Amino acid sequence: MNDFELLKHHDIVTDENFASQTYWKGVFTRFFAKKRSVIGLIIVVVIIVLAILGPVLSGYEYREISSVINPETGKEVVAKGLAPRIPFLHKLLGKAPYDDFFADKTFLFGTDDLGRDLWTRTWYGARVSLLIAFVTIAIDVVIGMCYGLISGYFGGVVDSIMQRFVEIANSVPRLVIVSVLAVFMPKGIGLVIVALLITEWIGMSKIARAEMLKIKELEYILAGKTLGASNLQIIFGDVLPNTIGPIITQVMFSIPTAIFTEAFLSFVGVGIMLPECSVGSLIEDGFNNITTLPYQIIPPIIVLALLMLGFNFIGDGLREALAPKLKDM
Amino acid sequence: MKVDEKDKILDIKNLDITFHTSAGDIHAIRGVNIDLYRGETVAIVGESGSGKSVSMKAAMGLLDSNAIINSGEILFSYIDEKGETQTVDILKKDTKWIRKNINGNHMAMVFQDPMTSLDPTMTIGKQITEGMISHLGISKKEAYSRAVELLNEVGIVDAEKRMKNYPHQLSGGMRQRVVIAIALSCNPDLLICDEPTTALDVTIQAMILELILKVQKERGISVIYITHDLGVVAKVADYVNVMYAGRLIEIGNVDEIFYEPAHPYTWGLLSAMPDLETEDSRLYTIPGSPPNLIHEPAGDAFAARNEYALVIDEKEQPPMFRISETHVAATWLLDPRAPKIEMPETLKARIERMRKEAL
Amino acid sequence: MAKYIVKRIVTSVVTLLIITFLLFFLVRIMPGNPFPSERMTDEAIAAKRLEMGLDDPIMTQFIRYMKKVCVGDFGKGTSLYNGAPIKTVLNKAISNSFKIGGIAILLGTAVGLILGIVAALNRDGFWDVFCSVFSILGVCVPAYVFLIFLQYTFAYKTSLLPYFFDSMNFFKSTIIPSVSMSLFTMSTIARFTRNEMVEVMDSDYVRLAESKGMYGTKLVTRHILRNALIPVVTVLAPLIVDLLTGALVVEKIYGIQGIGKLMVDAISGEGIDYNYVLALGIIYSALYIGMMLVVDILYGVLDPRIRVAKKGGDK
């Protein structure tokens, strides 16, 4: 073939580089291209799996006090304050993990001062913390989105009244809200949930409102309006899908805040009550026994820190994946 | 070429730059040669991402830290304080030296977006005098009066009052005038204008271009325009360099590029210019988009979008074919073995019209 | 600008008043005996209620309360400190909290700023990596965990520092709580400063300054720092308030008689002390709103885009 011939059947390539992948596929690709987001995702998934399976696998109940009957005296011996042991390693060294009474028992994280298995309690606590966070944030998303979308959509007087309210609500320190709640409510899980419900929706509503204001003026919404679409149809049919990205990002940052707040409240003593436990109350237990059982505080702290890390990494990754910065060369 | 007698101010030789990014290495500049003589104007034309800004940033010593210069020379000649002509290779100097000796006082730049290129927390006056004080070693007072003169020169009324303003108090057009005043403050030999009118209103575009032309004439400085707007080129340039995917593909004086374009890409650019007279109601666009230089094309980078691509275009990069003393183009169509291919008829008609209008 | 400041002050005062009223209202409508420590007949209680004006309309009660609050009188506690005047207890608590919190804020801000600036100037270098690891750590681990760690290591294991707060030995016993409280501030400011700096360094106006021939210290101080540090002011307010909230646990663990510990005592003991909850609620809200106000005004003063009103252009 002659080099100097016109290329026959030459298809002109259209936009191969900026291929027409869908928006969400792009977000997905960008998210997984970052090492940090993947690490964050792995951490969170592993903790969730352990929170679900950990207590089941151990064979103990989170509130169960382990004890055996001393065959010589016939008295009950409680597995109090046992150090963490990995039986497999100890058997390799030719030793039993614990002395005679508990030689055949496994306490990966040890036991607390009452003889409860800390492995079980840690993952059970993580489960409680995560559940509180998920449930409250889910409700907050709904409240915040509705509030923000309505405020942004109607604008004018409605908006300014609703925004004044947000401003005032935002000016009350979280601590004050919690303390006033403590006046009204019994301490415990309910208090934590209500406290989170009251504080966390504001961030969501701000995002939803900002998105609403941005999208409201776009042509397709105007077109929808002229064609007679109802307010509800526009808010929930057209605007809502566009807010999903930023809201998910906000959720990823709110969940760690919720876990943090829960831990804080439980630590102060108005949150989770015994014998229930959460990451925060476990840290408090650990702190109370720190001079006698210093290892007890370590697992809940690590779980808490890893949860923070994981969700923050996912949040950062999502934010960047949703709004990539195009750096001009 | 006998042009050597003229005074060469900028001579970019075989410039080759790679950017190291997380997505991979981008070979952004692939052997670029640009000449500029004192007092003349060169336009560098190309789509975004063609490397036109990068090559000029390299000349200014403003490349990002992830840029790797593989080869090349950027020779810049200027007249120093003693009146002697100095020639330096910008690429061999460190950043500090370039800032001290070249930037501002011998080579200055006007940026694309006047809304973002002025420091929002500093008064206009301070931003203009700053360079003068450090380069010319003059007192604050003298710098101030010179700055007021400069503002008058670039057509800002109420110059004294404006000196105390912050950028956000000025409109886009006024800000670009301030940017030009800053660029001119130390009497540079070379002014690089990176799309100076793209971000402005159409009415203000013409005013800014005329302003640059005026100061160029008065001060005898050389100007490089970076642009994708051929309308701007026609108004201001002596020579045109057309750039595509990090290479120059056609060089010529402004008449040659507009009336006798040789490269199919230049044909495309000319056809894509909006024009009142064209009968065809649809505006022509060049199909496709520029190649991603992470995956460098084997042959001619334009082949994939070229209606007139030859078989060889996919195998080998075309060399520069000389058409006239000042006109060269890199397309296999100019090879003697290639079939005779003429530019499209519509473009031909359009060029005829342009010729007549110019007369 | 003056108009803006006045407007901001007025909104802040109004907001604070509304919040105070809500707090007052919520605490007062609580059912229960307001005099739990005294044994009284129903008639005696009714008489006492009448005497104290507890049956007056809520607005009258509120105004009476606010008049006293304005001169610093918050009444007496219902269960804490055997009914000692809240004012005396509070004065000492505020002084303790502010001293330690102040040190923590200064330490956190100073170190955070330096770390952020150094990291941005050595982008991708050692300090940049250090800064990002440090800020991750600071954000992921609560202050009280640092406190427990420091207390365990330096007070329990080695006795280098006191195990509990001791006002006789103020300096030494401040180190552990203020360091642990400052870490969150430090890491947040370091990360924020670093990101702002990097953004400014990539901006067009810094390119323009460079093209004028600015470099080195002049470029950094005149163009980069000023633009990067103005927004840092905005993160300071929530950080300071967070610090006050975080101080709650720190004060509880380290035995500091501060407002945080008072709050814990008021809500977490057997009986809740309504008067303390009310007084501390008002103080916390006032602090929070006051901080926001100061920061907003400061931001306006620093940023010419807010300070100088926009004037017409040349079009």
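Hi everyone, and thanks for coming. Please keep in mind that we are looking at a predicted model.

Let's begin with the domains. In chain B, the assignment gives domain 1 as residues 5-237 and domain 2 as residues 261-358. Their C-alpha centres are 30 Å apart. Where they touch, twelve residues of domain 1 of chain B make contact with seven residues of domain 2 of chain B.

Which elements give two or more residues to the domain 1 side of that contact? They are strand S2, residues 24-37, and helix H8, residues 230-236, both of chain B. S2(B) provides the largest share, with five residues.

Now let me take you to strand S3 of chain B, residues 41-45. Is S3(B) mostly covered or mostly open? Mostly covered: five of its five residues are buried. In a regular strand, side chains alternate between the two faces of the sheet. On one side of S3(B) we find Thr41(B), Ala43(B) and Val45(B), and on the other Val42(B) and Ile44(B), all of them buried.

And which strands pair with S3(B)? One partner is S8(B), residues 222-227, which runs parallel to S3(B) and is joined to it by five bridges. There, Val42(B) sits opposite Ile224(B). Another partner is S9(B), residues 239-244, also parallel to S3(B) and linked to it through four bridges. Here Val45(B) has Val242(B) as its bridge partner.

Definitions and conventions
Residues are numbered from 1 along each chain as its sequence is written. Chains are lettered from A and ligands numbered from 1 in the order in which they are written. This is a predicted model: local features need pLDDT of at least 70, side-chain atom pairs count only at pLDDT 80 or more; totals for chains, interfaces and linings use all residues. Domain bounds come from an automatic or database domain assignment. Two residues are in contact if their C-beta atoms, placed from the backbone, lie within 7 Å. A residue is buried if 20 or more other C-beta atoms lie within 10 Å of its own, exposed if 12 or fewer, and partly exposed in between; C-beta atoms are placed from the backbone. Two strands pair if DSSP finds at least two bridges between them.
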